[in-house]
Amino acid sequence: MSVHPRAGRPAEAADLIDVPKVISRYYTEHPDPEQAGQRVAFGTSGHRGSSLRSAFNEDHIAATSQAIVEYRRDQGVSGPLFLGRDTHALSEPAMITALEVFAANDVTVLIDSRDGYTPTPALSHAILTFNRSSAKKADGVVVTPSHNPPDDGGFKYNPPNGGPADTDATRWIQDRANALIAGGLKDVRRVSAARARESATVSGYDYLATYVDDLPSVIDIEAIRRAGVRIGADPLGGASVDYWGAIAERHGLDLTVVNPAVDPRFGFMTLDWDGKVRMDCSSPYAMASLIEQKDRFQIATGNDADADRHGIVTPDGGLMNPNHYLAVAIGYLFRARTDWPSTAGIGKTLVSSSMIDRVAEDLGRRLDEVPVGFKWFVPGLLDASIGFGGEESAGASFLRRDGSVWSTDKDGILLDLLASEIIATTGKTPSEHYRSLVARFGEPAYARIDAPATREQKAILGKLSPEQVTAKELAGEPITAVLTSAPANNAAIGGLKVVTGSGWFAARPSGTEDVYKIYAESFHGPDHLARIQEEARGVVSAALGS
């Protein structure tokens, strides 16, 4: 991975988007249904793309909104639809388009009563809160491209389980939306924005108060307040901006909102590894300005634009690797939450660190290893068969203190606050706790790299069988497992994972670039990791050739 020479430096004028141009293209450009890159691609994180590349335009959102109307009708979802947005430039226009379609179809829609921004976890929390006491089930849409650059838009559907929609739902919505676009949108029902806002089916909901007031049910807020933990919170210009101030005020915490600014250009950001403006709170380059302030606080935290990711900065360790923090959080929670079910397991994606495996074994808890995607944790969080679900890209959620469900989507605010609870109750930072884990279980070296692959090779990689891997050793160790489906649920992983006693690699095709991603880890240090990475290319090449 080549790092841009200005990575970690403040963005300059030439790095920033032209907001009027981005918004005007949303309305004036129309997708070509024959171009793959201009069709609706509704994955588990929704449809994402830039209006400048005809990948996120008004046609996409009108068609996708109509498809969601028809999908929820077919599924018997008759309760309200919760609708929120983040701070990206395209989020407001897309939310208005969606509102026009939902109102025309007589869908009851709940938008933020403060006309503010809605973090993804607050929307998930709202859906679950409503559905606990109503026979008519609610669902929701959050308009966000998450941590993606400022010219991107995103549109994500959360069904009544509150989490990311599963593959069956997203495929149906995507296919129907593309059919509507190909048909010239003639089957899309829509009213004007003014009529939509005045519609009797559109009303307000206080996302912020409902979420913030409920936090003591999932976090030991009293312990944080009593210990006087000094917290710095950086929303990175995202949807959590008003939430952090409200958390400080309502719960009496010593919490400073480091940067309360909202700017659709995100001009206050430092550039990410590739020189782009990207609100990735797990990146040391995007988080450089907060890392510089680490000594001001006992804990400093960041969130991406929709606050479903967390970033943890400590005075003694700087920005924590997400894998490291997940291991610490799991080790702490399963000892501190004595009211959690004794049968609750630990959920991790198969490209997350094996340090989590060692922590789970030490705790005597079942480990559920699933494919990439937070949707795989939703059933377990709902029925409390898992207490914690986390993925390597800094996304996680966990149960309330009484062992019931809190959210079924990633909650960056929650994981940030947990870091303060850990300090308050143990007197040690999360990075200190991680050093203790290393002393007990060894220190893993972990990295992700990309390797070139054609579209045809990526298609083959996504459908490999274990029998196509003929190698018996990896980096000098016997191969103990070759996986093309996840151990916890036998779901296809869309790639390959090869495991040895002290290391592993996983290879998955990129959905947007002509590369495949190699995730790898070694408990024998960086040199052994490099050997795994090198041999992984050979293993994959041989399998593709077979």
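These entries record what I looked up on cores and aromatic contacts in a predicted model.

**Cores.** I began with the largest nonpolar core, which has 72 residues. F388, F398 and L418 have the most contacts inside this core. Helix α11 (residues 322–336) gives the largest share, nine residues. I then noted a second, separate core of 43 residues, with Y26, L83, A89 and A196 among them.

**F398.** I listed the contacts of F398, leaving aside neighbours within four places in sequence; they include V218, I219, L333, W340, F388 and L418. The rings of F388 and F398 have planes at 5 degrees and centres 6.3 Å apart, so I logged the pair as stacked. F388 is in strand β14 (residues 386–391) and F398 in strand β15 (residues 395–398), 10 residues apart. Both residues of this pair, F388 and F398, are buried.

**Other rings.** My search of the whole structure gave 16 aromatic pairs. Y26 and Y27 form an edge-to-face pair, because their planes are at 85 degrees, with ring centres 4.9 Å apart. Y26 is buried at 0% relative accessibility, whereas Y27 is partly exposed at 36%. I also recorded one aromatic cluster of F82, F130, Y205 and Y207.

**Charges over rings.** I found the charged end of R358 over the ring of F523, 3.5 Å from its centre. K497 lies over the face of W504, at 4.5 Å from the ring centre.

**A103.** I looked up A103 in helix α3 (residues 91–104). A103 is buried, with a relative accessible area of 9%. Beyond four places in sequence, A103 touches V191, A196, S199, T201 and V202.

Methods: Residues numbered from 1 in each chain as written. Predicted model: local features only at pLDDT ≥ 70, side-chain atom pairs only at ≥ 80, totals over all residues. Heavy atoms only, no water. Helix = DSSP H or I, 4+ residues; strand = E, 2+ residues; numbered from the N terminus. Buried < 20%, exposed > 50% of the residue type's maximum accessible area, 1.4 Å probe, protein only. Contact = heavy atoms within 4.5 Å. Core = buried A, V, L, I, M, F, W, Y, C linked by side-chain atoms within 4.5 Å. Phe/Tyr/Trp six-rings, centres within 6.5 Å; stacked < 30°, edge-to-face > 60°. Lys NZ or Arg CZ within 6 Å of the ring centre and 35° of its normal.
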